[in-house]
Amino acid sequence: MRNIFKLCGFIFVLVTGIAYAEAAFDFEELMEKIDTNSHNLQGNISNKDANATIALAKQMQSDFKLVEGFFEKRGNSADAVADAKIYEDRAAEIVKFVEANDYESASNKAIEISKSCDMACHDTYKPL
């Protein structure tokens, strides 16, 4: 009987941890992080710091994936889901451009991300 209680307790902790991780997702904090990172990305590109640029662009890809998931779950925001996918792709392009030592194209993509973010979701969905 004790083993059953231990097993149930373990399952409860596991399920609660997963639910908490989802509930702890702070969308506003993520958006601030993306905004900061988009500015930092430009600086890294200007300094031709390949390692920092690639790492930050990959982080932004992951962050935009979270944004995509947020709006998918929210519903009634297909445009925001599509925009997040576009930004993920642009961040991936930045990685490719930097790997090819094409910092001008990487900079142009980073500028597109910054400008597009402000004109897309921010106008329609902020404040949430």
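User: Is Lys109 buried or exposed, and what is its relative accessible area?

Analyst: Buried means under 20% relative accessible area, exposed over 50% and partly exposed in between, with a 1.4 Å probe and protein chains only; at 17%, Lys109 is therefore buried. Bear in mind that this is a predicted model, in which local features need pLDDT of at least 70 and side-chain atom pairs count only at pLDDT 80 or more, whereas totals for chains, interfaces and linings use all residues. Residues are numbered from 1 along each chain as its sequence is written, and side-chain values use heavy atoms, with hydrogens and water left out.

User: How many helices and strands does the protein have?

Analyst: Helices are DSSP runs of H or I with at least four residues, strands are runs of E with at least two, and the numbering starts from the N terminus. Here there are 6 helices and 0 strands, so that the order along the sequence reads α-α-α-α-α-α. Of the 128 residues in the protein, 34% are buried. Contact means heavy atoms within 4.5 Å, and among contacts with a separation of 6 or more, 65% come from residues 24 or more positions apart. The protein exposes about 8200 Å², of which carbon and sulfur atoms supply 56%, the areas coming from the Shrake-Rupley method with a 1.4 Å probe, and for residues only the protein chains shown count as cover.

User: With which residue do the side chains of Lys109 meet in a salt bridge?

Analyst: A salt bridge is a side-chain nitrogen of Lys or Arg within 4 Å of a carboxyl oxygen of Asp or Glu, and the structure holds 6 of them. Lys109 pairs with Glu93, at 3.4 Å from N to O. Because Lys109 lies in helix α5 (residues 103-119) and Glu93 in helix α4, the pair ties together parts that are 16 residues apart in sequence. Glu93 counts as partly exposed, at 28% relative accessibility.

User: Which residues form a salt bridge with Glu68?

Analyst: One is Lys65, whose closest N and O atoms to Glu68 are 3.6 Å apart; Lys65 and Glu68 lie in helix α3 (residues 50-74), 3 residues apart, which is about one turn of the helix. Another is Lys85, for which the closest N and O atoms are 3.9 Å apart. Since Glu68 lies in helix α3 and Lys85 in helix α4 (residues 78-99), this second pair ties together parts that are 17 residues apart in sequence. As for accessibility, Glu68 is buried at 4%, while Lys65 is partly exposed at 47% and Lys85 is partly exposed at 40%.

User: With which residues is Ile113 in contact, leaving aside its neighbours within four places in sequence?

Analyst: Ile113, which sits in helix α5 and counts as buried at 1% relative accessibility, is in contact with Met60, Phe64, Tyr87, Arg90, Ala91 and Ile94 once those neighbours are set aside. For Arg90, the C-alpha to C-alpha distance to Ile113 is 7.1 Å, although 23 residues separate the two in sequence. A second case is Asn37, found in helix α2 (residues 27-46) and buried at 11% relative accessibility; leaving aside its neighbours within four places, Asn37 is in contact with Leu56, Gln59, Met60 and Asp63.

User: Which residues gather in a patch of negative charge on the surface?

Analyst: Patches are made of residues with over 30% relative accessible area and no salt bridge, with like charges joined within 9 Å and nonpolar side chains (Val, Leu, Ile, Met, Phe, Trp, Tyr) within 5 Å. Lys and Arg count as positive and Asp and Glu as negative, while His and the chain ends are not counted; the place of a charge is taken as NZ of Lys, CZ of Arg, CG of Asp or CD of Glu. The patch here consists of Asp26, Glu28, Glu29, Glu32 and Asp35. One of them, Glu28, lies in helix α2 and is partly exposed at 33% relative accessibility.

User: Where does Lys48 lie, and what is its phi near?

Analyst: Most residues other than glycine have a negative phi. Lys48 has a positive value, near 55°, and lies in the loop between α2 and α3, where it is exposed with a relative accessible area of 57%. Asn101 also has a positive phi, near 65°; Asn101 is placed in the loop between α4 and α5 and counts as exposed at 57% relative accessibility.
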